[in-house]
Amino acid sequence: MSTTGRGQWMAQATFNICLGGIVVTIVLVVNWLGNAAALEDDLLVQKGSLQGSFTEASSVERRSISFDAGDRGDKSGHNELSLEYTSIERDGILCSSVHGNISKPSKPASRLLLSLLMYEEMWYITSLLKNLLAFTSNQTIIVIHMSQGSNYTTTELEFLKHFSPRIWINPERIVTRAFHGSLFRAHMLNLDHALRIGPTHSISFTHLMICSSNSRLFRAGLEQYIFKHDSSLGIKDGRSPYDFGFAFHKRADDPGRWVHRAMRWTPLRSVITTFPNGTKSMLITKVRPTGSFYPMQLMKDLLEALNNFDGAWESTNRVYSILEEFVWATWSDLRRERAGRADGHTVIASMTMSSGKNESWTPTPEQLKSLIAHQKEWFGFKALSRRKDIDIHGTREFVENITRSRLNSLCMG
């Protein structure tokens, strides 16, 4: 990998793919311009043509790119990364209808930022990113925090940076832990990063959506639902497997362990649970974070309030609770007049409450088919197992098949 003047470089890779006995050559050119200039990966896909080509900036010298096995420390790891890179080409991830062109945005009235935290292995990360790119609008930006607790190599991080112009890798990394305040902090770091670099791409966001790494999408259109309802603050009585996507209230002095532990965080007691007029709320609002969404201006105000609270971020390291279930929802609920319609539910159905590590807790394909057929306003599910070696129900294969089908329809249609 080499550079030319003022931090500019271009990378090229060629792949041969066999389709029905015909060898198709795809040339990948990745162009990065320093000073926060936009990536441009515009694949020209022409109907009736077997060859795709990328636009090239004539002022930038074409260079080759390689992934050195020594950077990972083992040859097998290098081979796995190379195979993943080839599979992305084969699945058509690089076509412009999936990526969009963030350097020349159409500036829609509404635009979504999706925040994601990752700590998993590369095979899992690339599988999730394909799924998210397939079922989100090509105007949606996905910002990713890579846990500092995972030992990613420089090669792997560079690979993810150039996966798609719609994917922004947050350079600021902290150690994240389950059921811990670090998860909320990492999402807010993502928000801060996207708000800082968005203007360099002429991008302004109107809504924020929270996503978890063990969720997957199965239907397009979540942006339209989010822009219609503005906030996932809809409240519904009764209990069913799908009611977990709605908001509900709990007393701020609830003795339950999650509320009690969360309320130990001083900013939650003194800032988040305070109405704009200074009145204290006796209730807090809880929404399952995966698939929850809120107006961006409210999230900007929350970020500013916590930035101005001395020690707010450092103190998240001492919180052993699920802050992300309470903070965004409570802050927005106490400002409902600015939360839009605020009658939506989360766009991802939490069908299983596990971390997704136990394969037996993963929904079956039959359960997913029922959800897809009968619940038209759910766009994804959790939890999917993070284990590569086991797929008892065939759920991973089912999700990968619908993702591949979606990508093919986008790139060939």
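In strand E8, His207, Met209 and Cys211 point one way and Leu208 and Ile210 the other, and all are buried. Buried means under 20% relative accessible area, with exposed over 50% and partly exposed in between (1.4 Å probe, protein chains only). E8 spans residues 207-211 and is mostly covered, with 5 of its 5 residues buried. Strands (E, at least two residues) and helices (H or I, at least four) are DSSP runs, numbered from the N terminus. The model is predicted: local features need pLDDT of at least 70, side-chain atom pairs count only at pLDDT 80 or more, and totals for chains, interfaces and linings use all residues. Residues are numbered from 1 along each chain as its sequence is written, and side-chain values use heavy atoms, leaving out hydrogens and water.

E8 pairs with strand E5 (residues 112-118) through 5 bridges, and the two run parallel. Pairing requires at least two DSSP bridges between two strands. Cys211 of E8 is the bridge partner of Leu116. Strand E12 (residues 293-295) is joined to E8 by 3 bridges and runs antiparallel to E8. Here Leu208 has Tyr294 of E12 as its bridge partner.

Helix H4 (residues 122-135) and helix H5 (residues 154-161) have axes that come within 12 Å and cross at roughly 5°. H4 is therefore roughly parallel to H5. Axes are lines fitted to C-alpha atoms, for helices over the stretch in contact, and angles run from 0 to 180 degrees between N-to-C directions. Angles under 35 degrees count as roughly parallel, over 145 as roughly antiparallel, 65 to 115 as roughly perpendicular and the rest as oblique. Met122, Ile125, Thr126 and Leu129 of H4 make the contact (heavy atoms within 4.5 Å) with Glu156, Phe159 and Leu160 of H5.
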